[in-house]
Amino acid sequence: MCGRVMCDCTFKGKNLYGKYQVVTALADFKVQMVTALADLKVQQVTALPSSCGKWQEVTALPDFKIQIVTALPDFSIQTVTALPGLGFPPN
């Protein structure tokens, strides 16, 4: 484990990169947005979300669904503009 996520950039057997959809119920992951010491640094991309921490928001056919929470998350995320990936410990 690398923080709350696996060192191979997965959680509950799902990759933590790809196309995602924000939902209010029945999410694959509950995530908390933080500004420091995140479990995963996420970079929003518009195409090719094919490496750890690169996420592309979609409205249909996501690879995974997230619910944004303020308490009791599965893991925390921090939005970055460069160097996405495992946040703590650092890559």
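Which residues is I77 in contact with, leaving aside its neighbours within four places in sequence? Select I77 and, with those neighbours left aside, V31, Q32, M33, V34, A38, L40, V42 and W55 are in contact with I77, contact meaning heavy atoms within 4.5 Å. The model is a predicted one, in which local features need pLDDT of at least 70 and side-chain atom pairs count only at pLDDT 80 or more, whereas totals for chains, interfaces and linings use all residues. Residues are numbered from 1 along each chain as its sequence is written, and side-chain values use heavy atoms, with hydrogens and water left out.

Next, select S76, which lies in strand β8, residues 75–79 (strands are DSSP runs of E, at least two residues, numbered from the N terminus). S76 is buried at a relative accessible area of 7%, where buried means under 20%, exposed over 50% and partly exposed in between, with a 1.4 Å probe and protein chains only.

Now turn to the disulfides, each defined as a pair of cysteine sulfur atoms within 2.5 Å; the structure holds two. Select C2 and C7, whose sulfur atoms are 1.8 Å apart; C2 is buried at 12% relative accessibility, while C7 is partly exposed at 45%. Then select C9 and C52, a disulfide with sulfur atoms 2.0 Å apart. Because C9 lies in the segment before β1 (10–11) and C52 in the loop between β5 and β6 (54–57), this pair ties together parts that are 43 residues apart in sequence. The torsion about the S-S bond of C9 and C52 is about 85 degrees, so this disulfide is right-handed.

Definitions and conventions
Helix = DSSP H or I, 4+ residues; strand = E, 2+ residues; numbered from the N terminus.
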